[in-house]
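Please look over the sequence and the fold shown here. The report that follows takes selected regions in turn.

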Amino acid sequence: MEQIQIIDAKKHVGEIVTIGAWVANKRSSGKIAFLQLRDGTAYFQGVVVKSEVPEEVFQMAKNLNQETSIVVTGEIREDSRSKFGYEIGVQNIEIIGESQDYPITPKEHGTDFLMDHRHLWLRSSRQHAIMQIRNELIRASYEFFNKEGFVKIDPPILTGSAPEGTTDLFETNYFDQKAYLSQSGQLYMEAAAMAFGKVFSFGPTFRAEKSKTRRHLIEFWMLEPEMAFMHQEESLEVQEQYVAYLVQSVLDNCDYALHVLKRDRAVLEKYTQLPFPRITYDDAIKLLEENGFDDIKWGDDFGSPHETFIANSFDRPVFILNYPKAIKPFYMKPHPTREDLVICADMIAPEGYGEIIGGSERATDYEYLLEQIRAHGLDENEYSWYLDLRKYGSVPHSGFGLGLERTVTWLAGIEHVREAIPFPRLLNRIYP
C-alpha cells in the first residue's frame, strides 16, 4: 500500500493509500465524522462513516484532538464540493502523537497572541497559504533572473559600512572592530556587476528602527539585482517585467492559496499589464496638493497615506521618478538638468501596500561620489573599495531592491507584513 502526500491525491483516485497528517479540525454527526487533515503540502477532508469502519476506529475519529498526528488509510475519491477537489474515505486510523489543549483554536485570536505563538500559527490554513505564496515568489525570482542571464552573488551579512547611512544599523563588536548587520547588499552587488555584468542577491537585511506600522519589519529579505551598462529607463523595464512575472507565477501556481486567502484573481490579473504608469516626484506632490493633502510639501518623503493615494490614482503599480537628492542615499546619480534631484524611482503597489521596489542609476563620477560620502558624514576610508569601482573601468549601471515580505503581503492581500515572515516571534516585543 502506497503512502502519499495530500497534494498528490489527484494521481490516486480510486486507490487505497496511507497518508501521514495532522488533524486541523473535526466535526461529526451521529453516523459520520469529518476530519480536516493537513500534511504540509495541502489540506483536505477525511470522511469516517460509522457503518464502514470498526467501532473503535469511529470512536477514535470522534475523539481526536486538534493537531494530533495520525496515519490514515483509505480510498482517494473526487470531491466536487471542495476547492481542493479530493478527499479520503477513511478505513483505519493510527495515532502517532497525541495533542492536548492546543492553544490556537478555531475561534478568533488577536494578532499579538498569534505572533507569540508563531511557531504553532504557521500550521493554520491561512499561514500555510501565505507561505506558499512566499515560496512561489522566491522560486519565480530565481527563475526570472536565471532566464535573463543574471548570476547570483552572495554579499556579506556583517559589513563594515552602511549604504543607507548609520542611524538605523545594528552594531556589533567584530573582534574589536565595529561591524553592522547589513542594510543592503547593493554596494557589493555593484562590485559584482563590474565582474559579471548582471547579478542579483537574495538575503536578509536589517533596520534598527522601532515602528508600529503594518508595513515595516526589523528583519526582512531583499532581492537586489544590479546591471552594468544599463541606464535607469532600461532598469525600470526590467523591474516591471519582473513584478509582472511574479504576479503571473502566483496566478499560475498558487490558485488554492489564493482561494484560502479569498484573494480576487481578477484584481491580480490587472497587475500583469505592462507598462506600469510613471509619475515624477514633482507631479506626485502636485497631485497630492490638488487633492487636499496639506501635510506634505516639496522636499518631504511620502508617508503611507500619500503613497496609497498616488497608487490608487492609477489602480496598478506605479513608478514615482526622480526624488530630491536631500532625501535619498549618497550613491544615486545626479539628475542631468536639476541639481536638486537624483535619477531614481520607487515602485508603489496599489491597494495601500506602499513601496515594494526602490532603485536608481548609480553615480559613476569619482569626485562627485567622494564629495557625497563626505557630505553624508561617512568615513571615506570605509568606502575606498567602493570608490575603486569608479577608478578602474567605471560604466553606467543601475539596480534595485525588492522587499520580499511586503510583496508577499500585497499579492496575498493580507493586512500585516508580520504574517509574511516565517519566524519573527522571538523578537516579537521589538518587532513593529
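Phe229 is exposed, because its relative accessible area is 65%, and exposed means over 50%. The model is predicted. Phe229 sits in the loop between strand 12 and helix 6. Its phi is positive, about 55°, although the residue is not a glycine.

Helix 6 holds Ser235. Is Ser235 buried or exposed? Ser235 is buried, at a relative accessible area of 0%. Leaving out residues up to four places away in sequence, Ser235 touches Met227, Met230, Ser398, Gly399 and Phe400.

Strand 12 (residues 219–228) and strand 17 (residues 397–403) run antiparallel. Five bridges join them. Met222 stands opposite Gly403 of strand 17.

## Helices on the sheet

The peptide bond from Leu274 to Pro275 is cis, with omega near 0°. Pro275 lies in the loop between helix 8 (265–270) and strand 13.

Asn322 is found in the loop between strand 14 and strand 15. Its phi is positive, about 60°, although Asn322 is not a glycine.

How many residues of helix 13 are buried? Nine of its nine residues are buried, and the helix is mostly covered. The buried residues are Leu404, Glu405, Arg406, Thr407, Val408, Thr409, Trp410, Leu411 and Ala412.

Gly413 lies in the segment after helix 13 (404–412). Gly413 follows the helix with a positive phi, near 70°. Gly413 counts as partly exposed because its relative accessibility is 35%. The C-alpha atoms of Gly413 and Arg263 are separated by 6.1 Å, although the two residues are 150 residues apart along the chain. Setting aside neighbours within four places in sequence, Gly413 is in contact with Arg263 and Tyr353.

Why does strand 4 count as largely enclosed? Seven of the seven residues of strand 4 (residues 43–49) are buried, so the rest of the structure largely encloses it. The cut-off for buried is under 20% relative accessible area.

Strand 4 pairs with strand 3 (residues 32–38) through seven bridges, and the two run antiparallel. Ile32 has Val49 of strand 4 as its bridge partner. Strand 3 and strand 4 form a hairpin, with four residues between them. Gly40 in the turn has a positive phi of about 95°. Strand 4 is also joined to strand 6 (residues 86–97) by three bridges, and this pair runs parallel. In strand 6, Glu87 is the bridge partner of Gln45.

## A nonpolar surface patch

Which residues form the nonpolar patch on the surface? They are Leu158, Tyr174 and Phe175, with about 360 Å² of accessible area together.

Tyr174 belongs to strand 9 (residues 171–174). Tyr174 counts as partly exposed because its relative accessibility is 43%. That value passes the patch requirement of over 30% relative accessible area.

Definitions and conventions
Residues numbered from 1 in each chain as written. Predicted model: local features only at pLDDT ≥ 70, side-chain atom pairs only at ≥ 80, totals over all residues. Heavy atoms only, no water. Patch = residues over 30% accessible without salt bridge, like charges linked within 9 Å, V, L, I, M, F, W, Y side chains within 5 Å. Areas by Shrake-Rupley, 256 points an atom, 1.4 Å probe, with all protein chains shown as cover. Salt bridge = Lys/Arg side-chain N within 4 Å of Asp/Glu carboxyl O. Buried < 20%, exposed > 50% of the residue type's maximum accessible area, 1.4 Å probe, protein only. Pairing = 2+ DSSP bridges. Contact = heavy atoms within 4.5 Å.
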